[in-house]
Amino acid sequence: MDWNRQQHSPMPSHRYRDIFAKVPVEPIDRVWPDRRITTAPLWVPVDLRDGNQALADPMDPLRKRQFFELMVAMGYKEIEVGYPSASQTDFDFVRLLATSELVPPDVTIVVFTPARPELIARTIESIAGMQGDVVIHMYTATAPVWRDVVLRRTREELASLVYAGAEEILRLAPANVRFQFSPEVFNLTEPDFVLELSDGLTKLWDATPARPVILNLPATIEAATPNVYADQIEYMHKNLPRRDSVILSVHPHNDRGTGVACAELAVLAGAERVEGCIFGNGERTGNVDLATLALNLHAQGVDPMIDFSDIDRIREVVEHCTRMPIHPRHPYVGELVYTAFSGTHQDAIRKGFASRGEAELWEVPYLPIDPADVGRGYEAVVRVNSQSGKGGIAHVLESTYGVRLTAEEEVAFARRVQRHTDETGREATPAELKELYDACSQ
Ligand SMILES: CC(=O)SCCNC(=O)CCNC(=O)[C@H](O)C(C)(C)COP(=O)(O)OP(=O)(O)OC[C@H]1O[C@@H](n2cnc3c(N)ncnc32)[C@H](O)[C@@H]1OP(=O)(O)O
Ligand SMILES: CC(C)C(=O)C(=O)O
């Protein structure tokens, strides 16, 4: 039987090469596929820097502050707050944090800078007087195309640029500063170059277990299936010099739509810290979505360490600050993600609710978590249209109006509703269902 009749498509796919043609991916005796995530990594939201740099209208001071206060209230303990040398708004916001009571003592502030001396000086100026821990996060692109085309430096010249920046930070930084480096486009950089830079920087910055250096390995542009990123991270985890003095961090983007998978596999592979944006805002297709990552852990019985119990309030603030709507199908937060329109799903959900009683363990078909965990009610769990069946329709009548139908009535009423929804071509609200029911009962 000729079951696969696909032919060549007109797509010019020959213009692209896979990651293995671009960069060495070192073989490893991988252990990540057999590991499980049992604790949350350190989450670091970068909405106020990486998210902000991707907005048509960057956040104004009030929006930045609202977003920052939200993140503190949710329980984030390390927050990248901006790129102080980029704009007066970013600089002033960091000054506000340095000179006010807005930063709780257990929250670490991260500021971002390229390896350019004048911009490093401005960054350090911005944090003057900041109480508590501050991380200065320096980055430079390290991948071959960026070296050749953008920075126009050889490997040696680029390493000198990085070390010069690191020395400048060391020279100017006050004692409460810790250091972070990101080899931008890590995933397309030769692993031996990343190891060389990491070795140089951890020596130069005198990394110790008590004052570890953060090495953040971004998939700046997602370029491979997530297992490849996991292999790249595990290779670093196993080969980094002074590993006990390095916090291994990841920063996935979402160009292939697999940012969440990359982050999860990277944690299995040894990453201890994850940078992303709360609902995945960021350049192009966005940064990895921290809400999805956290709630994926929650749904596996692991404490995400962040409070998502009022997700609609979080969503409101994020939408206001970014001026971008969240998609109705966005995991955990979208308007429709706890709603079933289709008959067999509704039937299963109804039976799931009926059989669980007061059980603590959540085992309701088609609902990966209890909507109440994130502050959602149950009213919207079942909505009726022409795809619905008797179970769902009876559920809405019963849960909204206390009307219980017999098995025969369910069948007959569902037929009536089906005619109605086919005729109108749209959803029937609970009020419409009640009206139809009343009309049938007369
Ligand atoms: C993956 C990421 O998210 S990286 C972060 C990206 N974020 C942003 O760019 C937002 C904020 N940026 C800005 O406001 C501006 O780019 C500034 C203020 C930092 C710099 O502005 P400008 O001085 O006008 O330079 P411009 O933006 O054109 O940057 C290009 C220059 O920086 C150099 N450069 C780029 N990245 C780095 C780096 N990490 N370290 C050192 N130099 C760098 C480039 O080689 C280029 O130098 P050249 O002109 O000698 O070729
Ligand atoms: C420089 C790093 C952290 C970054 O934003 C990226 O590579 O996407």
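Q: Which strands each supply at least two residues of the shell around ligand 2?
A: In this predicted model, they are β5 (177-184) and β6. Helices (H or I, at least four residues) and strands (E, at least two) are DSSP runs, numbered from the N terminus. Residues count from 1 along each chain as its sequence is written, while chains are lettered from A and ligands numbered from 1 in the order in which they are written. The model is predicted, with local features needing pLDDT of at least 70 and side-chain atom pairs counting only at pLDDT 80 or more, whereas totals for chains, interfaces and linings use all residues.

Q: Which residues surround ligand 2?
A: A residue is near a molecule or strand if its C-beta atom, placed from the backbone, lies within 6 Å of it. Around ligand 2 these are D50, Y139, S182, E184, N216, P218, T220, H251 and H253. By class there are 5 polar, 2 nonpolar and 2 charged residues. Ala, Val, Leu, Ile, Met, Phe, Trp, Tyr, Cys and Pro count as nonpolar, Asp, Glu, Lys and Arg as charged, and the others, Gly among them, as polar.

Q: How many residues surround ligand 1, and which are the closest?
A: The shell has 15 residues, with Q53, A86, P114, A115 and T140 the closest. Two or more residues come from each of β4 (134-141) and α5 (144-151). This shell has 8 nonpolar, 4 polar and 3 charged residues.

Q: In what order do the strands of the sheet run?
A: Strands of a sheet pair through backbone hydrogen bonds, either parallel or antiparallel. Here 8 strands form an open, parallel sheet ordered β1-β8-β7-β6-β5-β4-β3-β2; two strands pair if DSSP finds at least two bridges between them. The edge strands are β1 (42-45) and β2 (78-82), each with a single partner, so one side of each has no neighbour in the sheet. From one strand to the next, the twist averages 25°.

Q: Over how many bridges do β6 and β7 pair?
A: Strand β6 (residues 213-219) pairs with β7 (residues 246-252) over 7 bridges, in the parallel sense. N216 of the ligand 2 shell stands opposite S249 in β7.

Q: Which strands does helix α3 lie across?
A: Axes are lines fitted to C-alpha atoms, for helices over the stretch in contact (C-beta atoms, placed from the backbone, within 7 Å), and angles run from 0 to 180 degrees between N-to-C directions. Helix α3 (residues 88-99) lies across β2 and β3 (108-114), at about 140° to β2.

Q: What is the mean pLDDT of the chain?
A: The mean is 97, and 100% of residues reach 70 or more; pLDDT is the predictor's confidence in each residue, from 0 to 100.

Conventions: Contact = placed C-beta atoms within 7 Å.
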